[in-house]
Amino acid sequence: MSGRTEGGAVERCRLSLALLLAALCFASPTPAFAHASDRGHVLLLPTGYYVAGGALAVAASFLVLALLPSDFPARFWRRRLPLFAFGDGARATVSLISFAGFAILVAAGLFGSRDPLSNPLPLTIWTLLWVGLVLLQGLLGNLWSWLNPWYGPWRVISSLFGKRKTWGPPAWLGCWPAAVLFFAFAWFELIDPAPDDPARLAWAAGLYWLLSFAAMLVFGYRDWSRRGEFLTVFFAMVARFALLERNEVERNEVKRNEVERNKGGRLSLCWPGAKLSDAAPLSLSGIAFLLLALSSVSFDGLSKTFFWFGLFGLNPLEFPGRTATVGVGTFGLVLTFVLLAAAFILAIILGQRLAGSPHSLGQAAGLLVWSIVPIALAYHVAHYLTALLVDGQYAIAALSDPFALGWNLFGTADIRIEAGAAAGAGSAWWLWNLQAGVIIAGHMLAVLVAHGLAWRLHPVPARAALSQFPLTVLMIAYTVFGLWLLATPAAG
């Protein structure tokens, strides 16, 4: 996002801090995937120590997995702490409020300020939605099922015109529509010349809402939400790792019939990743969607590096602008997906052969791909943290005056923006340690998830360890790549 705030330069941190973090990484492996936003800090820590520490951490995690009891993930994930019961009656109301807010934001994009840091539409979509809500989804569960701006209007239309016959899409279609739309979203965010332009973004968001709503009327709300609406598909995947879970009664009720939605349920506190204990393998389209999400995360960081610019003879200090790099960016986005998908499938094939597995490639890949999600989630949060801390303040101010008319609806229009919260040497220590803590926790969860999923495929300990070896090599390679992305000079 070109309008995201850049921080100042950071003083070189001491070698002892690098060694300490490397030791922490050895105890708790560091994730491989980096989602580099326009980060507020250029990491000047000794890169070699981080690369070596991260690679050793992933290798050590593989050895630890081989020593764990076979029933450890099942016993770990089985525990629940019941909290409270709730009903779904207000869901449509919340969605209608969300739709009204969305309509106001689109109008603000069309008629409000042209400044991306003063207009609430780009700040809400790129900061509050794509950073803040992703974080909340990973912590609290599927809030998007209540906040999305389609459910309420769909309920209103269904109530006015009664139950309508919908056309069920063929099974082979899977969630390919969502994958195609996610690619379009990633292209718009990372490659389009002006994704922050309020009017341009308003047209894109408004047309997407209309097309999605029309598809929901034709195919049914539930079918299109699960197959075609990429935000719902992505947020549902992220929510599988949340600390809160709806009880079995509510989940089964939703699966049986989308119309029976007012029975409510009970929230329970669970361990992160516990909802994957009975997860079904993803289809080919689901695998492609998830790998596409992760490859766009990786390309987001790579496309801003001096190395990437050098490959195409571009001077990052004299950047010609995004318009001049549309072709290069599109090629890079596609290539990153192809390379990641090929590496992942190759790792699964080799693992299956080493373990002598009777399972098909589709079943193994569809199940093990779930273990990559917490890695991407952790880096998504860590790398967008500076944007959330600074641009989030701009968003709070802009929401009080959406049309730049001098309003102060929430009393926040004149708040002082504290850019120092994510810039300067004073904040480098706590910010970097917070990012590192998020990343380490994300990879620890990924290791646990991968361990549990491998045991589901290969109950014999030796075969389970062998099946994970090629995937561990891939994780080590991506750890080196991800840590290099953190440390290498970047522009834009």
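Trainee: Which residues lie nearest the centre of the second largest cavity?
Mentor: This is a predicted model, in which local features need pLDDT of at least 70 and side-chain atom pairs count only at pLDDT 80 or more, while totals for chains, interfaces and linings use all residues. Residues are numbered from 1 along each chain as its sequence is written, and side-chain values use heavy atoms, with hydrogens and water left out. A cavity is, on a 1 Å grid over the protein atoms alone, a set of points where a 1.4 Å probe fits but cannot get out, and lining residues have an atom within 4 Å of a point. The second largest cavity has a lining of 21 residues, and those that lie nearest its centre are F234, A293, V297, A376 and H380.

Trainee: Which helix gives the largest share of the lining of the second largest cavity?
Mentor: Helices are DSSP runs of H or I with at least four residues, numbered from the N terminus. At least two lining residues come from each of α5, α8, α11, α13 (284-302) and α17 (373-383). With six residues, the largest share belongs to α13.

Trainee: How many residues in the lining of the second largest cavity are charged?
Mentor: Ala, Val, Leu, Ile, Met, Phe, Trp, Tyr, Cys and Pro count as nonpolar, Asp, Glu, Lys and Arg as charged, and the others, Gly among them, as polar. In this lining 16 residues are nonpolar and three are polar, and the number of charged ones is two.

Trainee: Which element supplies the largest share of the lining of the second largest pocket?
Mentor: A pocket is an open set of points with protein on both sides within 12 Å along at least five of seven lines. The second largest pocket is lined by 39 residues, and F102, L105, T124, I125 and L129 lie nearest its centre. Two or more lining residues come from each of α4 (91-111), α5, α6 (144-147), α8 (176-190), α9 (198-219) and α11 (230-239). The largest share, 10 residues, is given by α5.

Trainee: How many lining residues of the second largest pocket are nonpolar?
Mentor: Sorting this lining by class gives no charged residues. Four of the lining residues are polar, and the nonpolar count is 35.

Trainee: At what angle do α5 and α18 pack?
Mentor: Contact means heavy atoms within 4.5 Å, and on the α5 side P120, L123, T124, T127, L128, V131 and G132 meet A387, L388, D391, G392, Y394, A395, A398 and L399 of α18. By class, these residues are 10 nonpolar, four polar and one charged. Axes are lines fitted to C-alpha atoms, for helices over the stretch in contact, and angles run from 0 to 180 degrees between N-to-C directions. Helix α5 (residues 120-140) and helix α18 (residues 385-400) have axes 9 Å apart, and their packing angle is about 135°.

Trainee: How many residues in the contact of α4 with α9 are polar?
Mentor: The axes of α4 and α9 come within 7 Å, crossing at roughly 145°. In this contact F99, F102, V106, G109 and L110 belong to α4, and P198, A199, A202, W203, A205, G206 and W209 belong to α9. The contact has 10 nonpolar residues and no charged ones, while the polar count is two.

Trainee: Which residues of α16 meet α15?
Mentor: Helix α15 (residues 326-355) and helix α16 (residues 361-368) cross at roughly 120°, with axes that come within 10 Å. Eight residues of their contact are nonpolar, one is polar and none is charged. From α15 the contact takes F344, I345, I348, I349 and Q352, and from α16 it takes L361, A364, A365 and L368.
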